Amino acid sequence: MDSRSLVPASHAFQLPVANLRSVFQTHDVERKLAKLPDRDHENLRTTYERMLERGPERFQVKPSGVPQMAALYAQLPNFTEVLDDVRRHVALAQDSRDGLEVTPMLLLGPPGIGKTHFAKKLAELLGTGMSLVPMNSMTAGWLLSGSSSQWKGAKPGKVFETLVDGQYANPVMVVDEIDKAGADAQYDPLGALYNLLEHDTAHNFIDEFAEIPIDASQVIWITTANDERSIPEPILNRMNVFEIEVPTPEASRQIARSLYASIRGEHDWGRLLNPEPSDDVIDQLATLAPREMRRALMTGFGNARLAHRDEVRVDDLPRASANKSRMGFVQ
């Protein structure tokens with residue numbers, strides 16, 4: 001099977017695809033499709049036909065070496081321990097026929113410190129894309145594992161859709177705010193994770209809608225939480241838990257500088273603004289949580305251009321709301 005690369009050879013984060021992996025068995029789908037009655041179950045029939053049309057093979061990321069991650073360490077200084085863990089997993093997969101596997105991880109810490117942003121950056125590094133599952137609004141496990149085709153409006157779950165409709169066998173799946181999952185008497189919203197987070201049982205994950213075994217063993221799981229006390233112990237035991245600290249004042253300034261450069265570089269209008277922010281702007285941004293920095297910078301950039309200036313000033317940044325607490329720092 002020919003290797004294929006998704007990025008140019010000069011790319012600093014080169015993680016070329018080395019092989020293909022089947023995420024389901026075609027004969028399982030054909031057998032299910034043949035047993036469907038002529039009437040009804042149109043959604044299910046369409047799903048099976050789509051699976052056969054797309055075929056079972058998906059790209060599996062294969063690292064050619066440990067990527068240079070200096071930029072990520074600079075952008076995410078309070079995620080050093082997590083980035084070290086990712087590099088270890090990449091190192092295991094290099095110079096072998098194995099694909100990249102990452103132990104499921106829980107990013108634990110207060111709101112706004114960049115947990116979801118980290119997940120997006122990791123997905124960019126790996127080149128497999130990201131699927132976000134927000135648990136704070138989820139009341140039933142079917143969002144992950146699908147709902148029975150017997151129910152009106154039933155459909156497959158996120159895991160099935162990501163693997164069947166996507167391009168990769170090892171996408172990044174982010175279960176955001178796992179500690180906010182609501183449960184009721186009938187459904188356990190975390191129930192599907194008991195099997196999905198275990199490598200052996202994830203090989204034959206059954207979506208309740210399609211009822212076809214799916215190989216979800218290569219999915220890279222990242223979960224986030226503010227408080228681990230509401231997460232069942234068996235779920236915690238299946239993950240590497242990283243406590244993400246609030247950035248130190250110096251780390252927060254580093255994040256602010258990286259965000260300024262990143263946002264400016266992502267937009268054509270960035271060429272109209274100074275490549276470096278002033279120290280007083282950085283000091284002001286450093287008082288904010290990383291989540292708020294981006295919003296503040298966008299406001300600052302816009303105000304600078306309204307004034308026909310190439311420099312963002314402190315007055316261009318939004319004023320802190322009186323009823324909004326500032327970000328605390330580790331001294």
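Tutor: Partly exposed means a relative accessible area between the buried limit of 20% and the exposed limit of 50%. Keep in mind that this is a predicted model.

Student: How is Glu211 classed by its relative accessible area?

Tutor: Glu211 has a relative accessible area of 43%, so Glu211 is partly exposed. Glu211 lies in the loop between strand E6 (205-206) and strand E7 (213-214).

Student: Where is His308 found?

Tutor: Look in the segment after helix H13 (290-306). His308 is not a glycine either, and its phi is positive, about 60 degrees. His308 is exposed, because its relative accessible area is 70%.

Student: How do I check the length of helix H4?

Tutor: Count 1.5 Å a residue. Helix H4 covers residues 80-93, which is 14 residues, so the helix should span 20 Å. The C-alpha atoms at its ends are 20 Å apart, in agreement.

Student: Which residues of H4 are buried?

Tutor: They are Val82, Leu83, Asp85, Val86, His89, Val90 and Ala93. Viewed down the axis of H4, these buried residues fall within an arc of 155 degrees, so they line one face of the helix.

Technical notes: Residues numbered from 1 in each chain as written. Predicted model: local features only at pLDDT ≥ 70, side-chain atom pairs only at ≥ 80, totals over all residues. Heavy atoms only, no water. Helix = DSSP H or I, 4+ residues; strand = E, 2+ residues; numbered from the N terminus. Expected span 1.5 Å × (residues − 1). Buried < 20%, exposed > 50% of the residue type's maximum accessible area, 1.4 Å probe, protein only. Arc of directions from axis to C-beta.
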